Amino acid sequence: MSSTPSNPPFLHVDAKLRRRSFLAGAGALLFAIALEDDALAGGKLPEGNKDALLFIGVQPNGSVVLTCHRSEMGQQTWTAMAQILANELDADWQRVQIVQAEGHPKYGNQNTDGSRSVRLNFDRLRLAGATMRTMLEQAAAQRWKVPVGGCTAELGFVVHRATKRKLDFGELVAAANKLPPPAASQVKLRERKAWRYLSKDTKSLTMPSIVKGEGTFGQDVQRPGMLYAVIARPPQVLGRPKRVDDAATLKTAGVKQLVELPNLEAPVGFKPLGGIAVIAKDTWSAIRGREALKVEWEAGPNASYDSKAFEESLLQAVRKPGKLGRKRGDVAKALSTAAKRLEAEYYVPHLAHSAMEPPAAVAEWDGDRVTCWGCGQTPQKARQTVAQVCGVPVENVTIHVTWLGGGFGRKSKPDFFAEAAWLARKVKAPVKVVWTREDDLQHAYYHTVSAQRLEAGLDASGKCVALLHRTAFPPITSTFVAGAKDADPGDLRLGASDTPFDVPNIQLESGQAEAHIRIGWLRSVANIYHAFAVQSFAAELAHAAGRDPKDYLLELIGPPRTIDPNQEGAKYDNYGSPLKDYPIDTARLASVTQEVAKLAKWGRKLPPGHGLGIAAHRSFVSYVATVVEVAVDDQGRLTMPGVWSVMDAGTVVNPNHCESQLEGGTLFGLSNALFGEITAKSGAIVQANFPNWRVMRMNEAPRHMEVKLIESSAPPGGVGEPATPPAAPALANAIFAATGVRIRRLPIFGTDRVDRLNVGKQH
């Protein structure tokens, strides 16, 4: 456990810089790369502050330091961003260091979500590295009095090719600092064939420290004089304490005091839920004190929320016309004249993130400023939220980001930072707020529930000529706008308004649904339920047409072309990237579908009780197709002999790490499809820990798992989330192939213990 709230290697870099400049700082060749410079940003501005900078430097000892503005939670963002920079600089990988940036607008968009850390920073990191390399080569040429064209950077040195002389980067820092920076147009990026680190399985910068226990996670942070807090939160969102009996708590050994937090008011945002904080000398004492606390709660406006009853209301919502979200052709007319009509309804329940490390944050208050440390994905939002809750200017708040023991979107919501900051101010001592596993499952921001209804018309040959898709779910917007009921275009764009099928008549509609618990992003977000419905329905159409599911899916995808949903009335932002750079390319979707079929040997003869299912989906501007093989024995036990996944994420920075994301995202989707379900009764979450929030165990995982990347020269796409959406429909389609049982409601093994296969007896 570390007493220093920073991650190794830690090196302070002077941040007193002017933008669009290359400056000398602390003897280093220090670069501040401005996002608003069109040349540096490739003419495109990532979202965020237009004064944003990216700090990189070459130290006098020759080490290269990158101040990473994104969070590291196991997805290997640190390593990926360092690879991009080191590749262009041709640095020695053993002398590359990362410093975690604090939360500040000067770094631009620091939200580590949306599978976009590489996508938004690839071009500017490359140009920054190439610019630094150019200046070091110029400095060496001056030293040797030779043409700069004869000098080249190699593994942390500049080499004069003709004489084999070489100088360490560190020996050139002082001279390079005196040079004017070259114009971006004069900087030459390395050709792909000369890449040393990009698209290579470069060694992780973080894994050795994680394995040796040297890193600092949110739960590890300690400060002198620190107190510990666990909080008794209202069971219902917007609930509040009515009566409190704290006598037993105050007698608990180690307990210092109790503090009542402000009651939560709508909209919930990222504010604390309220409740009673037990402050103690250590975590165990605080937990014991909370166990002894007696609180009678006033339930508030969400006391009637019952997820079982709500499921039926969502299904009713999709059985009637909704708000139009996309329209191509005339669906009503095509359905009325179709040779065959099909309809089906699907449901996906609430899900929880349940990252291995529950949320944790530490805060210190010094009279008018607050400093926080924690495992956050959005340090700037944490800064803003803490300022709001503590009533101080945002400039008076400092957020330090630790490593994250998993995030999956939960730690994008900085309510736990705000709890720690408010309590630190109240008790006038450093406070660590610890979320237990039970806290994390019962008071989270949950993946929303969703009902889907699809209707289709087939012509006499079985070809789909009309597709109606209705979706209803409490929107994420409800977190920020009290009472919001309409589906946000930002949710619809995730697998609904961008359905790429070659069907002449398509219509998307959305119904209204009100949130009664906190709704938030979870890995792959709305793609989970949209892909489950659309890809399951595609297999149902294939069966109705008497066709092979893979062949029929390829027919639905259709010929190579690009699609712009905006031309059909959708409000589609393409995950924040221009369609001209990241088009919806049906050729790439078809390609991953064909490749995964080859990988899984689609069409092979299977043993009795076995079945193959396939699904393909584009999300976060990448393409993934998955095949699942299931086996159901004569006792009804379900196993997965094999799972195959293929991803096309364009240019890949680290194939090994991308394959890990492909495997992890697929397992995440399969686990939720098998067991994932959060329910609410009387407004309170029923599940409390892993005994009733099931995740897939090792003996339930696929016996064989194989993944493949299709690399291309296309710009980098997301890799952390795209594997999850096709997993559930591929599994459901495989179960149908093996048993003839169609899964339209998830999870397959639900909390009601109703086995939707009517065969599983091991659970």
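Leu731, when its neighbours within four places in sequence are left aside, is in contact (heavy atoms within 4.5 Å) with Val628, Val630, Met640, Leu670, Ala673, Leu674 and Ile748. The model is a predicted one, in which local features need pLDDT of at least 70 and side-chain atom pairs count only at pLDDT 80 or more, whereas totals for chains, interfaces and linings use all residues. Residues are numbered from 1 along each chain as its sequence is written, and side-chain values use heavy atoms, with hydrogens and water left out.

Leu731 is also, together with Phe537, Val628, Met640 and Leu674, among the residues with the most contacts inside the largest nonpolar core, which has 106 residues. A nonpolar core is here a set of buried Ala, Val, Leu, Ile, Met, Phe, Trp, Tyr and Cys residues joined through side-chain atoms within 4.5 Å, and buried denotes under 20% relative accessible area, exposed over 50%, and partly exposed the range in between (1.4 Å probe, protein chains only). Helix α13 (residues 527-545) contributes the largest share of this core, 9 residues; helices (H or I, at least four residues) and strands (E, at least two) are DSSP runs numbered from the N terminus. A second, separate core of 43 residues includes Phe169, Ala176, Leu179 and Tyr197.

The C-alpha atoms of Ser536 and Gly613, which are 77 residues apart along the chain, are separated by 9.5 Å.

In strand β19 (residues 431-434), Val431 and Val433 point one way and Lys432 and Val434 the other, and all are buried. Strands are taken to pair if DSSP finds at least two bridges between them. Strand β9 (residues 227-232) runs parallel to β19 and is joined to it by 3 bridges, with Ala229 having Val433 as its bridge partner. Strand β16 (residues 360-365) runs antiparallel to β19 and is joined to it by 4 bridges, and Ala363 stands opposite Val431.
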